[in-house]
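Look through the structure below with the sequence at hand.

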Amino acid sequence: MLKRMRRAKPAVSPDFLRIGAPPAPPASWEEVVRAGSTGFDPAAEHARMDNPMRDAYFAQGDRLASKWTHYLDAYDRHLSRYRGKPVRLLEIGVNHGGSLQVWRRYLGPQAVIHGLDIDPRCAGVGDPGTTIHIGSQTDRALLRRIVEAMGGIDVVIDDGSHVSAHQIATFETLYPLMAPDGVYAVEDVHCSYWPAVGGGLRAPGAFMEYAKDLLDRLHARYVLDPDPEPRDPGFADVTDSIAFYDSLVVFERRPKGPARAIPVGHRMLD
Ligand SMILES: C[S@@+](CC[C@H](N)C(=O)[O-])C[C@H]1O[C@@H](n2cnc3c(N)ncnc32)[C@H](O)[C@@H]1O
């Protein structure tokens, strides 16, 4: 596991962009989930932003799929280049099977789509051409076998247990096995703030803290610390970007060496 780096207090002033007294904290995580998933009109949500991922999602009338709608826009941003191609996608967390059908509709018939779920009942919710594996996302040997069966892997969607330790174990197993330009998404990272699933605000071991450490790793070549650990560029060398959305973190891989500045044009201030 990534060795934790020392962290000073957050640099952003809490007054930055403050709009008044913050609302009272929610009574429970269940209240947050309820508030985010009730009372919405699908047609109005669809119309709020128009892209093929929203089209694929809101056309779903068969098995249940459950995504926060702003994820759909992020997915279209990161995955549109894969549409109509033989992209290899693994979604962890199958549940009723609807999201696998949405991925098929969005990515097209050539996509190699696999799902993994710990619930054996999920074995019965697949379509022909889609493969469902039963087991835990923490089973590293199983994950490796799945990647082998898929013939490699381009996209991972982690929508499984949402337990931070599981998300980290899965990431550390699958990320190195991915195609050099692959995309790895971790959903529902608001769970990082909930003690019930191993989190809390800036809690050591929470996936969000881990992702923040990786953000430092992306800049490893600039760290002047004598400790060699935070200066290891291994992650930076294979990672192009980390995008943080509300509750969703997306890693984009890209092989790259040290960044280069190449001045062009004429000096004007000498
Ligand atoms: C939120 S649901 C998935 C929803 C689905 N991806 C969708 O978008 O509609 C989470 C699923 O993760 C599964 N799960 C829980 N713990 C798991 C684990 N350790 N490994 C794999 N799957 C797990 C649950 O059985 C459940 O079906």
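## A buried strand

Val112, His114 and Leu116 point one way from β2, while Ile113, Gly115 and Asp117 point the other way. All of them are buried. Buried means that 20 or more other C-beta atoms lie within 10 Å of the residue's own; exposed means 12 or fewer, partly exposed is in between, and C-beta atoms are placed from the backbone. Six of the six residues of β2 are buried, so the strand is largely enclosed by the rest of the structure. Strands (E, at least two residues) and helices (H or I, at least four) are DSSP runs, numbered from the N terminus.

This is a predicted model: local features need pLDDT of at least 70, side-chain atom pairs count only at pLDDT 80 or more, and totals for chains, interfaces and linings use all residues. Residues are numbered from 1 along each chain as its sequence is written.

## The sheet

β2 belongs to an open sheet of seven strands. The order is β3-β2-β1-β4-β5-β7-β6, with mixed pairing. Two strands pair if DSSP finds at least two bridges between them. β3 (130–134) and β6 (239–245) stand at the edges with a single partner strand each, so one side of each has no neighbour in the sheet. The twist averages 15 degrees from one strand to the next. Axes here are lines fitted to C-alpha atoms, for helices over the stretch in contact, and angles run from 0 to 180 degrees between N-to-C directions.

Strands of a sheet pair through backbone hydrogen bonds, either parallel or antiparallel. β1 and β2 run parallel and are joined by five bridges. Isoleucine 92 stands opposite leucine 116 in β2. β6 and β7 (residues 248–253) run antiparallel, with six bridges. Alanine 243 has valine 250 as its bridge partner in β7. Tyrosine 245 has leucine 248.

## Helix α7 on the sheet

Helix α7 (residues 164–174) packs on the sheet. The helix touches β1, β4 (155–158) and β5 (183–186), and its direction makes about 175 degrees with that of β4. Contact means C-beta atoms, placed from the backbone, within 7 Å.

The buried residues of α7 are Ser164, His166, Gln167, Ile168, Thr170, Phe171 and Leu174. Their cover includes β1, α6 (140–150), β4, β5 and α8.

## The nonpolar core

The largest nonpolar core has 49 residues. Such a core is a set of buried Ala, Val, Leu, Ile, Met, Phe, Trp, Tyr and Cys residues joined through C-beta atoms within 7 Å. Leu89, Trp103, Val155, Val156 and Ala185 touch the most other members. The largest share of this core, five residues, comes from α5.

Alanine 185 touches Val156, Ile157, Asp158, Leu248 and Val250, leaving aside residues up to four places away in sequence.

Serine 247 lies in the loop between β6 and β7. This hairpin has two residues between the strands, and serine 247 takes a positive phi near 75 degrees. Serine 247 is partly exposed, with 18 C-beta neighbours inside 10 Å. Arginine 202 sits in the loop between β5 and α8 (207–217). Its phi is positive, about 55 degrees, although the residue is not a glycine. Arginine 202 is also partly exposed, with 14 other C-beta atoms within 10 Å.

Helix α1 (residues 29–37) holds glutamate 30. α1 is hardly covered: among its nine residues, the count of buried ones is zero. Glutamate 30 is exposed, with 10 C-beta neighbours inside 10 Å. Its C-alpha atom is separated by 29 Å from that of glutamate 172, 142 residues apart along the chain. Just after α1, glycine 39 takes a positive phi of about 80 degrees.

Terms used:
Contact = placed C-beta atoms within 7 Å.
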